[in-house]
Amino acid sequence: MHIHLLIAAACLLGLFSTIGAALPYPILPPLFASGASNGLNSFLGLPPKMLFGLALTINPLGLLIGNTLLGPLSDRYGRRPLLMATTFGAALGHVLTALALLLESYPLFILARFGTGLLEGNGAVVRAMLADRLEGELRVRALSWLNGAFYLGWLAGPLLAGATVVFGITVPFWIAAGALVLTTALVAAVLPREAASLATTSWWYVARHQHAFHLLRHAGLRKLFVVQFAYTCGVTAFYEFYPLWLVEFPGYGAPGIAWITAALCAVMTFTAVFAGRPSRIAPLQRAAWSAFGGAAAIAALALGNVWLGLAAIVLFGIPNAFYNAIVPGWCAERFGALGQGAVMGLLSTTFCLANIVMALVGSVLTPVDTRLVLLLGALLSAWAAWRLLGWRVGMAGPAVSGGPPEG
């Protein structure tokens with residue numbers, strides 16, 4: 001297959017997958033924070049904000065497990081079959097989500113969001129597919145374009161939710177399910193078939209012994225995990241709770257949240273087009289300054305007035321797009337010998353773990369003040385940037401062959 005067609009197929013897959021994942025963000029905050037009682041926000045008499053925090057946690061929990069396992073499983077069974085199965089399964093997850101909203105069943109909603117997240121962990125497989133087949137600067141640019149497709153999905157998803165929720169709260173999820181079914185057909189038609197694996201290990205063996213966290217036995221990846229976890233805690237605090245900030249301070253509903261999210265994702269998508277270009281500055285140094293920029297935007301949202309907060313939400317997309325263009329490409333070059341699926345899975349898993357941790361922390365802090373969890377996120381991202389600046393000095397050695405250097 002021509003290499004540019006492969007890149008285009010990967011980007012379309014990323015786009016359609018994230019459209020469905022992004023739908024709930026403008027829909028959920030008004031359901032849980034508007035003050036109107038319903039079956040979702042009154043479950044067991046628990047505080048609505050606590051239920052909102054738990055609802056945010058369950059999808060990343062599924063993503064955590066999915067990203068931990070799907071990348072390594074694709075190393076064993078192939079990228080194409082894993083992508084087809086998980087994309088169609090995620091479509092079924094959106095169907096269950098729509099039914100849960102119709103029934104106002106919080107337990108069914110939690111189950112549906114968990115299952116959808118589990119299967120949406122295929123982003124690591126798409127990244128690994130590109131990392132397998134591309135090298136050098138083209139690999140970095142292609143991964144940046146793929147990030148742009150993911151960002152565009154986060155733009156299209158909220159816009160779709162804002163435009164169609166007026167016809168019924170479940171309509172966006174039915175549309176998302178249909179789009180993912182079409183995406184499954186796209187995967188079958190466009191992605192190349194792979195040679196059958198000669199490995200004899202079972203999927204259970206892979207799940208137990210070759211999951212993404214298995215890579216943490218390597219010193220360099222342990223250090224990367226800690227830094228990446230701190231940065232993504234800041235990012236997920238921002239992603240999960242700026243919609244709640246928009247409800248509480250400017251008083252936005254689902255359409256307003258959708259438009260602000262669309263502006264943010266448009267900035268990230270535009271930035272991702274050129275963020276992967278070659279640079280004379282060392283990758284970790286560029287990543288560090290990008291992390292500092294992200295931390296500054298989150299801090300401005302936590303500490304500024306409404307207008308500064310709105311600007312910070314949108315402008316956060318610039319440093320975050322640069323960071324996400326730099327780090328996966330650097331990891332693919334340095335640690336790819338350990339298995340691109342597992343390495344990309346570790347990056348995605350770290351993000352999912354941060355989602356879970358910050359959603360749980362937020363469920364405790366937001367009843368006091370939503371800005372507290374945002375401020376905590378800014379501090380964690382700034383710490384990660386500082387650690388990246390210090391770490392780059394010790395990373396001049398060769399890329400990993402059997403294991404990364406200790407420095």
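Tutor: A residue counts as buried when its relative accessible area is under 20%, as exposed when that area is over 50%, and as partly exposed in between. Leu31, with a relative accessible area of 17%, is therefore buried. Please keep in mind throughout that this is a predicted model.

Leu31 has its place in helix H2, which covers residues 24-33. Leaving aside residues up to four places away in sequence, Leu31 touches Ala36, Asn38, Leu40, Asn41, Leu101 and Ile169. Leu31 also lies 9.6 Å from Gly253, C-alpha to C-alpha, although 222 residues separate the two in sequence. Across the protein, of the contacts between residues at least 6 apart in sequence, 85% join residues at least 24 apart.

One of the residues touched by Leu31 is Leu101, and Leu101 of H4 also takes part in the contact of H4 with H5, so let us turn to that pair. The axes of helix H4 (residues 79-103) and helix H5 (residues 106-119) come within 8 Å and cross at roughly 165°. Angles over 145 degrees count as roughly antiparallel, and H4 and H5 are therefore roughly antiparallel to each other. The crossing in which H4 passes H5 is left-handed. On the side of H4 the contact is made by Thr86, Gly89, Ala90, Gly93, His94, Leu96, Thr97, Leu99, Ala100, Leu101 and Leu103, and on the side of H5 by Leu108, Phe109, Ala112, Arg113, Thr116 and Leu119. By class, these residues divide into 10 nonpolar, six polar and one charged.

The loop between H4 and H5 contains Glu104. Its phi is near 50°, a positive value in a residue other than glycine. Most residues other than glycine have a negative phi. With a relative accessibility of 41%, Glu104 counts as partly exposed.

H4 also packs against helix H3 (residues 48-77), at an angle of about 135° and with the axes 7 Å apart. H3 and H4 are therefore oblique to each other. Leu70, Gly71, Leu73, Ser74, Asp75 and Tyr77 of H3 make this contact with Arg79, Pro81, Leu82 and Thr86 of H4. The classes in the contact of H3 with H4 are five nonpolar, three polar and two charged residues.

H3 in turn packs with helix H10 (residues 219-248), at an angle of about 150° and with the axes 11 Å apart. H3 and H10 are therefore roughly antiparallel to each other, and H3 passes H10 in a right-handed crossing. Here Lys49, Phe52, Leu56 and Pro60 in H3 meet Glu240, Phe241, Leu244 and Glu248 in H10. The contact of H3 with H10 has five nonpolar and three charged residues, but no polar ones.

As for the setting, the protein has 16 helices and zero strands, and 56% of its 407 residues count as buried. Helix H6 (residues 123-133) is mostly covered, since nine of its 11 residues are buried; among them are Val125, Arg127 and Met129. The protein exposes about 15800 Å², of which carbon and sulfur atoms supply 70%.

Key:
Residues are numbered from 1 along each chain as its sequence is written. This is a predicted model: local features need pLDDT of at least 70, side-chain atom pairs count only at pLDDT 80 or more; totals for chains, interfaces and linings use all residues. Side-chain values use heavy atoms; hydrogens and water are left out. Axes are lines fitted to C-alpha atoms, for helices over the stretch in contact, and angles run from 0 to 180 degrees between N-to-C directions. Helices (H or I, at least four residues) and strands (E, at least two) are DSSP runs, numbered from the N terminus. Angles under 35 degrees count as roughly parallel, over 145 as roughly antiparallel, 65 to 115 as roughly perpendicular and the rest as oblique. A crossing is left-handed if the near helix is turned anticlockwise from the far one by less than a right angle, and right-handed if clockwise. Contact means heavy atoms within 4.5 Å. Ala, Val, Leu, Ile, Met, Phe, Trp, Tyr, Cys and Pro count as nonpolar, Asp, Glu, Lys and Arg as charged, and the others, Gly among them, as polar. Buried means under 20% relative accessible area, exposed over 50%, partly exposed in between (1.4 Å probe, protein chains only). Accessible areas come from the Shrake-Rupley method with a 1.4 Å probe; for residues, only the protein chains shown count as cover.
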